[in-house]
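Subject: Structure for you to look at

Dear colleague,

Here is the structure I said I would pass on, and I would be glad if you read my notes below with the model open beside them.

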Amino acid sequence: MNETTRDVVELGQWFDAYVADEKKIEPKDWMPDAYRKTLVRQISQHAHSEVIGMQPEGNWITRAPTLRRKAGLLAKVQDEAGHGLYLYSAAETLGVSRGQMDDGLLSGKDKYSSIFNYPTPTWADIGAIGWLVDGAAITNQIPLCRCSYGPYARAMIRVCKEESFHQRQGYEIMLRLSHGTAEQKRMAQDALNRWWWPAVMMFGPSDKDSAHSAQSMAWRIKRVSNDDLRQRFVDMTVKQADYLGLTMPDPDLKWNEERGHYDIGEIDWSDFWKVVKGNGPCNRQRLAHRQKAHDDGEWVRDAALAHANKRVARATRDAA
Amino acid sequence: MAVAALKNDTLSPDRQVLFDYAVMLGDTALIHGQRLSEWTSHAPTVELDIALGNQALDLIGQARMFLEYAGKVEEAGRDEDALAFLRDGFDFRNLLIVELPNGDFGHTMARQFIMGVYSSLLYEALSASQDDQLAGIAKKAVKEQRYHARHGGEWLVRLGDGTEESHARAQRGLDELWPYTHELFTTDPVESAAAELGFGVDPSGLRAEWDGLVDDVLARAGLSRPEDDWQPDGGKRGEHTENLGYILAELQFLQRAYPGAEW
Amino acid sequence: MRRLPMQTSALPAPHAMPRERISKSKESNETMTDKNEWPLFEVFIRSKQGLAHQHAGSLHAADAEMAIENARDVYTRRSEGQSIWVVPSTAITATSPDDKSVLFDPADTKVYRHPTFYDVPDEVECL
Ligand SMILES: [Fe+2]
Ligand SMILES: [Fe+2]
């Protein structure tokens, strides 16, 4: 072992102890390469999810059933775009550029949350997404506010503050539908049937099967295990579904007195992996949509830059 | 709940003018906001997705206030949603310019600028309305529209001055929209009655100032002011382009498919 | 080789580590910016009259006016702002983490700058 390698190893041990002590890491601080890489992957993937997430819900903005709903939905989708930007800016502090991240998303190299590869054929999907998908996202994100990387933790605090209205917005839609006409109730149940399992799978495979979990936990990037988060979400959501008078699409769902938690049926991970690998109902559509927006906007981005450069050139010339 | 009510025939002529006038302003804001919201997730940058969404929210907010008020004036039990979702095209009084398709980003920015300047002037004048409700809505809306004018204007300058392609696109957007700007300043009988009654604005009086503000930005952008030849109108009296039917089909789908349901 | 501290509670921040000794690790803090990318701006927001501007985050914009517009829409949608500053990120000069101990640690031992350093009887008020 030469001098430099030994230093890196010792630094690494020292770093592990430092973050284990709940101390925060800031952008220019020394950090292990793998820590940096893990964060870049996780934060950019998170940012991509927010940006792609605009599509399934944006799908109903022009058809929202009342003006109040239209305003609420538009504001929510706008927030998601904002979340994407907060996160991109946090990732950039790690030395990756926005352009590199855009490329990562568009080339298919980077992943985004599979949940957004499901379609929103009815208005009730907007309710179900706000209630279940934002609900799961919030469950995931609250612990991230204590993440060891300062800029990520700060972005998550801002995001979580804004998320609180998203879930309520969705639940209110579900409430109105499930207490509405028979047709509306059917619409609500149908959406719950389609979104429940994908939402449960948002927490990812069991930690036993998750390659990155242990290291991320040690580095205080991840704070709570996938299974624990999933359990929190299930316990909270079952009661909310009861209140709506809707039926969970899981015959094995039952209260476990001994554990003090709900047990759920077997998760069909084959569906999850199918979507992750790119073969969900909307993977291709979502990426093509993003690509088109990117391509259609290129002349605009170029023009703004050209104008800015011309202005600088004119100012320099006038000053000379 | 959105309930379709029959027209209130017992409304006094003055109240009828007030109703029609509020509907006219509300419809323009509504259809404009609807069009703008179509940009969501399609904009050239994510930052612009947010910016355009914000302006759409301003417009939808204005529409809600005007339409809600119109419903109260009418006293026939129609709320903002009944007016937005349960009228057919010939009862809509919006300006034609806002129902035209968005076109490219240059086209959209040209419209944001044109409408931003126009509405700023209109609402500024309407802030002095003798009707407190209309004056109140206008005072809030004028700030929003001034921002739309500024944002749209800055973008027109960037596009006009940017690249050859962006210049051409901005100019084309402007050329396509220009004929429809004339309708902004025509005086509909409802507007002249509203102005005479002291609560409305005769838009023909806004023209000179609008011309000046628009010319300034066009000069900065290096764009040329299109010729005034074709001058389509009719929106204010319910005569629309073919676009409006499709806008309403989308906007009103759920209310039409599930009559009487609450959302 | 400097001894690494073993007790976590006594640990200095990682930036106090002798970075020059590990300069061969290919760590880079410089953001790669390709030519076509809009430059990065840092955003500072005054949330209320009477308070100082505070760093809110960063964003990309082609020019300063656009940076203001973007900051308004991205960071103040919920009335979080009364005033915005935008600064090109490249215009900020910052201390290096490596200098942290040299610049800031010497102040730690100057306890006589704090009022609690001085003993005054409890009975004496208004001091
Ligand atoms: Fe979000
Ligand atoms: Fe959300």
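Chain B and chain A bury about 4000 Å² between them, 68% of it on carbon and sulfur atoms, where buried area is the accessible area (1.4 Å probe) that two parts lose on being put together, summed over both. This is a predicted model, in which local features need pLDDT of at least 70 and side-chain atom pairs count only at pLDDT 80 or more, while totals for chains, interfaces and linings use all residues. Residues are numbered from 1 along each chain as its sequence is written, chains are lettered from A and ligands numbered from 1 in the order in which they are written, and side-chain values use heavy atoms, with hydrogens and water left out.

At the interface, 47 residues of chain B are in contact with 44 residues of chain A (contact means heavy atoms within 4.5 Å). Two salt bridges are found across it, a salt bridge being a side-chain nitrogen of Lys or Arg within 4 Å of a carboxyl oxygen of Asp or Glu. The side chains of A:Arg98 and B:Glu47 meet in a salt bridge, at 3.0 Å from N to O. Several helices of chain B each supply at least two residues of the side that touches chain A, among them α1 (13-37), α2 (46-74) and α5 (132-161); helices here are DSSP runs (H or I, at least four residues), as are strands (E, at least two), numbered from the N terminus. The most comes from α2(B), which gives 11 residues to that side.

Turning to chain A by itself, its secondary structure comes to 12 helices and two strands, and its C-alpha trace spans about 75 × 55 × 35 Å along its principal axes. Helix α8 (residues 182-201) of chain A has 20 residues and reaches 30 Å from its first C-alpha to its last, close to the 28 Å expected, the expected span being 1.5 Å times one less than the number of residues. This α8(A) bends by about 35° at A:Trp195, with a proline, A:Pro198, following within four residues; the bend is the angle between axes fitted to the seven residues ending at a residue and the seven starting there.

Finally, two loops deserve a look. Most residues other than glycine have a negative phi. A:Arg220, in the loop between α9 (213-218) and α10 (226-244) of chain A, has a positive phi near 60°, and B:Ser41, in the loop between α1 and α2 of chain B, has a positive phi of about 75°.

With best wishes
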